[in-house]
Amino acid sequence: MLNLPGIGLMQGLGVVFKNMTRKRITEQYPEERLNVSRRTRAQELVWEPGRCTGCATCVKACPQGNIKIKTSVGENNKYVVDQFENDEGRCIFCGLCVESCPYEALFFGRSYERSKYKREELIADIDEMTAADKERSAYYRPDLYDELPEQTLLIYRKHKRIL
Ligand code: SF4
Ligand code: SF4
């Protein structure tokens, strides 16, 4: 290659101009967020107390021993679930609890922003697992699939050029 004065500068400017016209593939997180897969196994479980019978099938299915349930006997000899906890810090997101629930009372959530400073803060109690802002994943729940937004795939996205 020729070693003329200024050739390095021209090559550098070539790289700059090439990238100035390139389509943007990054997001300005957290202002902009991508849609995760509709069937994501994300960092949390969502529990529906109205459907749960307290049968504890999910507890037995969990290979990590993560789920803790306490029940008492209520009206008509039915279980009342007094405590339902999941230690998300130990969860391997295998989905066995969701798949094993015979009453479709357990779902994966879609949140991916569950980072905490302390491990004990990752234990989700009843209030957290039933919080109104929880979004249920369609993992093992195909009925939910059409309600959820399509996943954002960066490689297929059409972006306007950013100047
Ligand atoms: S996803 Fe797997 S590890 Fe996590 S609570 Fe359910 S069964 Fe246990
Ligand atoms: S398996 Fe389903 S119905 Fe049974 S205790 Fe777990 S969440 Fe409730």
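**Salt bridges and what they tie together**

Tutor: Let's start with one contact: the side chains of Glu128 and Arg114 meet in a salt bridge, 2.7 Å from N to O. Bear in mind that this is a predicted model.

Student: OK, so where do Glu128 and Arg114 lie?

Tutor: Glu128 is in helix 4, residues 126-129, while Arg114 is in the loop between strand 4 and strand 5, so the pair ties together parts that are 14 residues apart in sequence.

Student: Is Arg114 buried or exposed?

Tutor: Arg114 has a relative accessibility of 6%, and the cut-off for buried is under 20%, so Arg114 counts as buried. Glu128 comes out at 23%, which makes it partly exposed.

Student: Which other residue forms a salt bridge with Arg114?

Tutor: Glu88 does, with the closest N and O atoms 2.2 Å apart. That pair also links distant parts of the chain: Arg114 is in the loop between strand 4 and strand 5, Glu88 is in the loop between strand 3 and helix 3 (96-100), and they are 26 residues apart. Glu88 is buried, and so is Arg114.

Student: Why would residues like that pair up at all?

Tutor: In general, side chains of opposite charge can pair when their charged atoms come close.

Student: And how many salt bridges are there?

Tutor: The count is 7 salt bridges. Another one joins Arg33 and Glu113, with 2.9 Å between the closest N and O atoms. Here again distant parts of the chain are linked, 80 residues apart: Arg33 sits in the loop between helix 1 (7-20) and strand 1 (45-47), and Glu113 in the loop between strand 4 (106-108) and strand 5.

Student: How accessible are Arg33 and Glu113?

Tutor: Arg33 is partly exposed at 46% relative accessibility, and Glu113 is partly exposed too, at 37%.

Student: What about Glu31, where's that?

Tutor: Glu31 is in the loop between helix 1 and strand 1. Its relative accessibility is 67%, so Glu31 counts as exposed.

Student: Switching topic. How do strand 2 and strand 3 pair?

Tutor: Strand 2 (residues 67-73) and strand 3 (residues 79-87) run antiparallel, with 7 bridges between them. You can check a couple of positions: Lys68 has Glu85 as its bridge partner in strand 3, and Thr71 stands opposite Val81.

Student: What's going on at the turn of that hairpin, with Asn76?

Tutor: The hairpin of strand 2 and strand 3 has 5 residues between the strands, and Asn76 takes a positive phi near 55° there.

Student: Where does strand 5 come in?

Tutor: Strand 5 (residues 123-124) is joined to strand 3 by 2 bridges, in the antiparallel sense. Look for Asp87, which stands opposite Ile123 in strand 5.

Student: What order do the strands take in the sheet?

Tutor: The order is 2-3-5, in an open sheet of 3 strands with antiparallel pairing. Strand 2 and strand 5 are at the edges with a single partner strand each, so one side of each has no neighbour in the sheet.

Student: Now the ligands. Which residues come closest to ligand 1?

Tutor: The closest are Cys62, Cys91, Cys94, Gly95 and Cys97, out of 14 residues surrounding ligand 1. The shell splits into 10 nonpolar and 4 polar residues, with no charged ones.

Student: And which come nearest to ligand 2?

Tutor: Cys52, Cys55, Ala56, Cys58 and Cys101, from the 14 residues around ligand 2. Its shell has 11 nonpolar and 3 polar residues, and no charged ones.

Student: Last thing. What lines the largest pocket?

Tutor: There are 15 lining residues, with Arg110, Ser111, Tyr112, Glu113 and Glu135 nearest the centre of the largest pocket. By class the lining has 9 charged, 4 nonpolar and 2 polar residues. As for volume, the largest pocket has about 270 Å³.

How values were computed. Residues are numbered from 1 along each chain as its sequence is written. Chains are lettered from A and ligands numbered from 1 in the order in which they are written. This is a predicted model: local features need pLDDT of at least 70, side-chain atom pairs count only at pLDDT 80 or more; totals for chains, interfaces and linings use all residues. Side-chain values use heavy atoms; hydrogens and water are left out. A residue is near a molecule or strand if one of its heavy atoms lies within 4 Å of it. Ala, Val, Leu, Ile, Met, Phe, Trp, Tyr, Cys and Pro count as nonpolar, Asp, Glu, Lys and Arg as charged, and the others, Gly among them, as polar. Two strands pair if DSSP finds at least two bridges between them. Helices (H or I, at least four residues) and strands (E, at least two) are DSSP runs, numbered from the N terminus. On a 1 Å grid over the protein atoms alone, a cavity is a set of points where a 1.4 Å probe fits but cannot get out, and a pocket is an open set with protein on both sides within 12 Å along at least five of seven lines; lining residues have an atom within 4 Å of a point. Grid points are joined across faces, edges and corners, and a volume is the space filled by probe spheres set on the points. A salt bridge is a side-chain nitrogen of Lys or Arg within 4 Å of a carboxyl oxygen of Asp or Glu. Buried means under 20% relative accessible area, exposed over 50%, partly exposed in between (1.4 Å probe, protein chains only).
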